[in-house]
Amino acid sequence: MGALRGSLTFSRFFVLGDVPDDLAASAMKKIKANLLEPMSPDEDVNERHGWAAIDDPFDLELDHEKVFFNEYVTLALRVDRWVVPGPLLKAHLREAEEKLLEKKSLEKLGRKAKADLKLAVIKKLRRQLVPVTKTYDLVWNLQTHVALFFTHSKKVHELVMELFEKTFKLRLLVESPGTMADRRGLTPSEERVFASLEPTSLASASEARAAAAQEVAS
Amino acid sequence: MRDLAELVELNRFVGRELLLWLWFESEVFETNLRPSSGEPCALWLEGQLTLASEGEETRVKGSTPGLAPEAKQALRQGKLPTDTRLRMVLGELELSWRMKADELSVASLKIPAQLKADTDKYEALYERMRLTETFEAQLEALFRDFIALRLDDAWEGVVVPELKKWARGKAIDEARYAALKARVSRKKGKA
């Protein structure tokens with residue numbers, strides 16, 4: 001679930017770089033420039049992403065009140081994707097192929113003709129469908145420089161990192177044991193110790209051998 | 001500054017050791033944890049616990065999975081916790097969540113929020129973020145104590161031997177361990 005309802009599933013990001021004092025005034029134009037632009041069936045793109053209002057993915061009329069709330073910046077990453085069901089595409093493609101072969105008195109279509117036909121059929125089918133929309137909330141605390149992003153998907157992380165940097169000219173760094181240790185402010189000698197750590201094991205040599213033998217036997 | 005991508009990937013196993021340490025502390029101190037830079041809290045594992053090593057996994061389910069014999073057996077086989085549900089009582093707040101060790105990611109975090117987004121979206125968001133930040137500050141305080149111990153010579157010299165005893169159901173020298181933690185905390189405070 002997202003930032004507003006239900007239980008919370010999120011990844012933590014740190015915002016790197018200097019946040020301008022007038023962010024609320026200066027960023028709105030850039031946020032608007034990076035809003036999701038709805039896809040049309042005739043475009044060649046299959047997927048597009050951009051900002052939308054938190055809590056309403058179809059609200060693309062963002063203003064200061066919808067985005068800035070006390071120390072928080074609240075946005076949603078909206079990802080739209082055309083999903084044409086495979087069996088539907090297959091059936092329509094077969095029908096279109098048959099019609100084209102008959103019209104051109106051919107026995108077989110070439111590779112390029114097949115690809116062009118497939119694209120035309122996909123575009124035609126898209127007119128009967130709507131893109132699948134998914135949204136992921138982002139809540140950025142301007143005081144702590146922490147942004148919570150409400151998904152663990154690495155693929156979607158890449159999308160938000162790219163869009164965030166494009167919009168705010170600031171980078172997002174995802175939380176991990178390494179970044180969390182680093183933020184604690186390690187001394188140079190602690191940094192060296194951290195870099196050379198070996199994983200802890202509570203196995204004794206004999207128990208580890210017995211476990212390995214049991215695994216081989218099973 | 002270290003390359004950021006490298007820093008993100010560096011020593012992800014430390015997240016598993018954090019879960020191991022939280023589990024150990026929870027049992028040794030009968031769930032009562034006292035982070036040096038946070039609030040006292042009660043913390044315990046619940047619901048499910050997964051331990052892994054080199055592709056081998058042990059999954060334990062139950063109300064107190066940490067107490068299950070197979071969980072300790074998995075530790076003795078060299079496995080470490082990778083994923084578990086935890087519950088924390090922090091002052092008047094009771095929170096539960098699932099934690100994946102390698103990413104230190106939080107999933108299905110349940111917080112005692114009172115306001116509903118349907119009546120006032122932004123006030124509800126504000127309350128939820130405040131509760132989440134309180135939770136995160138406590139997690140961070142626990143992590144600070146853990147990493148101070150992990151980077152100290154005492155980890156190999158004292159903590160790992162105590163962890164091994166605990167995994168084998170042997171008595172822990174609680175006073176020695178508590179004194180060690182206090183010493184490491186003081187040392188870190190001076191640094």
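Let's start with A:Lys169. A:Lys169 is partly exposed, because 13 other C-beta atoms lie within 10 Å. The cut-offs: 20 or more other C-beta atoms within 10 Å of a residue's own means buried, 12 or fewer means exposed, in between is partly exposed, and C-beta atoms are placed from the backbone. A:Lys169 is not a glycine, yet has a positive phi of about 60 degrees. Most residues other than glycine have a negative phi. Where is A:Lys169? In the loop between helix H5 (154-168) and E7 of chain A. Helices here are DSSP runs of H or I with at least four residues, strands are runs of E with at least two, and both are numbered from the N terminus.

Now the ground rules. This is a predicted model, where local features need pLDDT of at least 70, side-chain atom pairs count only at pLDDT 80 or more, and totals for chains, interfaces and linings use all residues. Residues are numbered from 1 along each chain as its sequence is written, while chains are lettered from A and ligands numbered from 1 in the order in which they are written.

B:Ser108 sits in strand E6 (residues 105-110) of chain B. With 14 other C-beta atoms within 10 Å, B:Ser108 counts as partly exposed.

Next, chain A as a whole. Chain A has eight helices and seven strands. The C-alpha trace of chain A spans about 80 × 65 × 35 Å along its principal axes. The radius of gyration of chain A is 25 Å, whereas a compact globule of 218 residues would have one near 17 Å. That radius is taken over C-alpha atoms, and the globule rule is 2.2 Å times the number of residues to the power 0.38. Buried residues are 27% of the 218 in chain A. Contacts next: two residues are in contact if their C-beta atoms, placed from the backbone, lie within 7 Å. Take the contacts in chain A with a separation of 6 or more: 68% of them join residues 24 or more positions apart.

One helix pair in chain A. Helix H3 (residues 86-104) and helix H4 (residues 111-126) of chain A pack at about 125 degrees, their axes 10 Å apart. Axes are lines fitted to C-alpha atoms, for helices over the stretch in contact, and angles run from 0 to 180 degrees between N-to-C directions. So H3(A) and H4(A) are oblique to each other. The classes: under 35 degrees is roughly parallel, over 145 roughly antiparallel, 65 to 115 roughly perpendicular, the rest oblique. Which residues of H3(A) and H4(A) meet? Among them are A:Leu89, A:His92 and A:Glu97 in H3(A), and A:Lys118 and A:Ile122 in H4(A). By class, the contact of H3(A) with H4(A) has nine nonpolar, one polar and two charged residues. Ala, Val, Leu, Ile, Met, Phe, Trp, Tyr, Cys and Pro are nonpolar; Asp, Glu, Lys and Arg are charged; the others, Gly among them, are polar.

On to chain B. Chain B has six helices and six strands. Their order from the N terminus is α-α-β-β-β-α-β-β-β-α-α-α. The C-alpha trace of chain B spans about 55 × 40 × 40 Å along its principal axes. A compact globule of 191 residues would have a radius of gyration near 16 Å, and the 18 Å of chain B agrees. Of the 191 residues in chain B, 39% are buried.

Chain B has a helix pair too. Helix H2 (residues 13-28) and helix H4 (residues 121-150) of chain B pack at about 105 degrees, with axes 10 Å apart. That makes H2(B) roughly perpendicular to H4(B). The residues in contact include B:Trp21 of H2(B), and B:Phe143 and B:Arg150 of H4(B). Seven residues of that contact are nonpolar, none polar and two charged.

Last, the interface. Chain A puts 41 residues into the contact, chain B 43. H6(A) gives the most to the side of chain A that touches chain B, with six residues. That side divides into 21 nonpolar, twelve polar and eight charged residues.

Is A:Phe194 buried or exposed? Buried, because A:Phe194 has 20 C-beta neighbours inside 10 Å. Leaving aside neighbours within four places in sequence, A:Phe194 is in contact with A:Ala181, A:Leu186, B:Asn11 and B:Leu151.
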